[in-house]
Amino acid sequence: MRSKILVSACLMGFKVRYNAHDKPFVSDELDRLKHAGRLVIHCPELAAGLSTPRLPAELLGGDGEAALRGEAQILESNGCDVTPHYLLAAWLALRTAQQNGCNYALMTDASPTCGSDTRYDGTFSGTRIAGAGVAAALLSLHGIKVFNEKTLPQLLILLKAEEEEAQ
């Protein structure tokens, strides 16, 4: 069986980001995978009951793994601690991935939830630093390889190798 890919809904054109916009990522390969039934489109924040639009939120005091350990928090731009909501979002993303046989995830980078390589530094200044968001970190900890818009080519290489091995 060919593995599926959990994909951030905003990358697929759904207006679910904090500012009620999408972040469409147009790719012929992604479109092919969608038509092959290999994509599981999911928005962790909406699954956790967060609204659209919502205030911007950033990790403060560490990355997603630190937040999972209770060592960092996720704050909205008004200072409200929304860590529990984002932790729920991470667990719901993991459950969705596991229930649907996803070995991979393609998520929006820099998000406090979905960011795989970078996140904002918690100052709401637009400064990015290295580190994953809570869902990306949790998925990785459970063996799901997480990619973002910039690393899609690496994901496609893995999928091609997987397909060739299955033949």
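**Figure 1. Contacts of Ser116 in a predicted model.** Beyond its neighbours within four places in sequence, Ser116 is in contact with Asp109, Ala132, Ala136, Val146, Phe147 and Asn148 (contact: heavy atoms within 4.5 Å). The side chains of Ser116 and Asn148 are joined by a polar contact of 3.0 Å. A polar contact is a pair of N or O atoms within 3.5 Å; within protein, one must be able to donate a hydrogen and the other to accept it, and residues adjacent in sequence count only if both atoms are side-chain atoms. Ser116 sits in the loop between strand E5 (102–106) and strand E6 (118–120). Helices (H or I, at least four residues) and strands (E, at least two) are DSSP runs, numbered from the N terminus. The relative accessible area of Ser116 is 16%, so the residue is buried. Buried means under 20% relative accessible area, exposed over 50%, and partly exposed in between (1.4 Å probe, protein chains only). Residues are numbered from 1 along each chain as its sequence is written, and side-chain values use heavy atoms, with hydrogens and water left out. The model is predicted: local features need pLDDT of at least 70, side-chain atom pairs count only at pLDDT 80 or more, and totals for chains, interfaces and linings use all residues.

**Figure 2. Ala110, in the loop between E5 and E6.** Ala110 has a positive phi, near 80 degrees, in a residue other than glycine. Its relative accessible area is 2%, so Ala110 is buried.

Figure 3. Helix H5 covers residues 134–141 and is mostly covered, with 6 of its 8 residues buried. The buried residues of H5 are Val134, Ala135, Ala136, Ala137, Leu138 and Leu139. Ala136 is also one of the residues in contact with Ser116. Gly143 follows H5 and has a positive phi, near 85 degrees.

**Figure 4. The loop between strand E1 (4–8) and helix H1 (28–35), with Ala20 and Asp22.** Ala20 has a positive phi, near 65 degrees, in a residue other than glycine. With a relative accessible area of 27%, Ala20 is partly exposed. Asp22 lies 12 residues from Cys10 in sequence, while their C-alpha atoms are 4.6 Å apart in space. Not counting residues up to four places away in sequence, Asp22 touches Cys10, Gly13, Phe14, Lys15 and Arg17.

**Figure 5. The cis peptide bond between Thr52 and Pro53.** Omega of this bond is about -5 degrees. Pro53 belongs to the loop between helix H2 (44–47) and strand E3 (57–60).

**Figure 6. The whole chain, as context for the close-ups.** The protein contains 6 helices and 8 strands, in the sequence pattern β-α-β-α-β-α-β-α-β-β-β-α-β-α. Its radius of gyration is 15 Å, close to the 15 Å that the globule rule gives for 167 residues, so the protein is as compact as a globular protein of that length. The radius is taken over C-alpha atoms, and the globule rule is 2.2 Å times the number of residues to the power 0.38. The C-alpha trace spans about 50 × 30 × 25 Å along its principal axes. Of the 167 residues, 47% count as buried. Among contacts between residues at least 6 apart in sequence, 65% join residues at least 24 apart.
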